[in-house]
Amino acid sequence: MLLARSLLFYAGLVLSTIIAAPILLIIYPLPFRLRYFAVTRWTVFNLWWLRVTCNLKYNLSGRENIPEGPAIIICNHQSAWETLALQIIFPPQAWILKRELLWIPIYGWGLATMEPIAIDRDSAVKSFRQIIDQGCDRLSKNIWVVIFPEGTRVAPGETRNYLPGGGLLAEKSGCPVVPVAHNSGYFWPRNSLIKTPGTITMAIGPVIDSRGKTAEEIMQETETWIRHTVDQLSNE
């Protein structure tokens, strides 16, 4: 039954993507915020469809910590769920992602219209330069920036070193960091079709002021809060 429900969810996800991506290409000449509103209708549908088909909901704490903006969201990465949830919880945003995602037919084409920061992971120096230059550009336009510091999805209970890109961008831009932690990997496991019914918990931490701090200090403070909170959510 869980497999059947999960496959039904994916059917809706694929169908909605096939419909939404060409629309995004058509409306590309429109201002970014109108395009962002359009793509988040796709997001709202799929989170609703996830709840209907798989009985998978979420609970959010710390909403009061969201600043007026712009800011840098640094979030742990366990599944695809948080890439959906962040879009409707926070203001319009640009993601830092691997450029290969833009090559995916239909999905990648639509994603490319959302002004992502598509980095070349084969060159660390080039990717950090992209994060700083393009990230500062997005923030100057009041577009938030989303960073998954592990660089890939990490299963619950496992750890991976945090990359310094978020700290570098915060140091150079002077914008605050909003740390985010969740336990989505228990319900939407990496590389698994099965979606487990339940309630994902996402927590938004206190804003981390980047002014007067080095990139290393910013990332240390951010990582400490995220890892501690993830451990708490795992124990729960």
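Residues are numbered from 1 along each chain as its sequence is written, and side-chain values rest on heavy atoms, with hydrogens and water left out. Because the model is predicted, local features need pLDDT of at least 70 and side-chain atom pairs count only at pLDDT 80 or more, whereas totals for chains, interfaces and linings use all residues.

Burial is expressed as relative accessible area: buried means under 20%, exposed means over 50%, and partly exposed lies in between (1.4 Å probe, protein chains only). By this criterion α3 is mostly covered, as eight of its nine residues are buried. Among the buried residues of α3 are Trp-81, Leu-84, Leu-86 and Ile-89, together with the charged residue Glu-82. Leu-168, in helix α6 (residues 165-173), is instead partly exposed, with a relative accessible area of 22%. Leu-168 lies 25 Å from Arg-63, C-alpha to C-alpha, and the two are 105 residues apart in sequence. Leu-3 belongs to helix α1 (residues 2-26) and is partly exposed at 43% relative accessibility. The C-alpha atoms of Leu-3 and Cys-54 are separated by 9.4 Å, although the residues stand 51 apart along the chain.

Aromatic contacts were examined next. A pair of aromatic rings is described by the distance of the centres and the angle of the planes. Rings of Phe, Tyr and Trp (its six-membered ring) pair if their centres lie within 6.5 Å; planes under 30 degrees apart count as stacked, over 60 as edge-to-face and the rest as tilted. A search of the whole structure finds eight aromatic pairs. In one of them, the rings of Phe-32 and Tyr-36 have centres 5.9 Å apart and planes at 40°, so this pair is tilted. Both residues lie in helix α2 (residues 32-54), four residues apart, or about one turn of the helix. An α-helix has 3.6 residues a turn, so residues three or four places apart point the same way. Phe-32 is buried, with a relative accessible area of 9%, and Tyr-36 is likewise buried at 6%. Phe-90 and Trp-144 form a further tilted pair, with 5.7 Å between centres and 45° between planes. This pair links distant parts of the chain, 54 residues apart: Phe-90 is in the loop between α3 (81-89) and β3 (93-98), and Trp-144 is in strand β5 (residues 144-147). Both Phe-90 and Trp-144 are buried.

With a disulfide taken as a pair of cysteine sulfur atoms within 2.5 Å, a search of the whole structure finds zero disulfides. Cys-54 is buried, at 1% relative accessibility. Cys-136 is in no disulfide, and the nearest cysteine sulfur, that of Cys-175, is 7.5 Å away. Cys-136 is partly exposed, with a relative accessible area of 25%.

Several backbone features occur in loops. A cis peptide bond, with omega of about 0°, joins Gly-69 and Pro-70; Pro-70 is found in the loop between β1 (56-61) and β2 (72-75). Glu-115 is not a glycine but has a positive phi of about 55°. Glu-115 lies in the loop between α4 (107-112) and β4 (117-119) and is partly exposed at 22%. Asn-142, in the loop between α5 (124-140) and β5, also has a positive phi, near 65°. The relative accessibility of Asn-142 is 36%, and the residue therefore counts as partly exposed.

The second largest pocket has a volume of about 220 Å³. A pocket is an open set of points on a 1 Å grid over the protein atoms alone, where a 1.4 Å probe fits, with protein on both sides within 12 Å along at least five of seven lines; lining residues have an atom within 4 Å of a point. Grid points are joined across faces, edges and corners, and the volume is the space filled by probe spheres set on the points. The lining comprises 16 residues, of which Glu-158, Thr-159, Arg-227, Val-230 and Asp-231 lie nearest the centre of the pocket. By class, the lining has seven nonpolar, five polar and four charged residues. Here Ala, Val, Leu, Ile, Met, Phe, Trp, Tyr, Cys and Pro count as nonpolar, Asp, Glu, Lys and Arg as charged, and the others, Gly among them, as polar.

Key: Helices (H or I, at least four residues) and strands (E, at least two) are DSSP runs, numbered from the N terminus.
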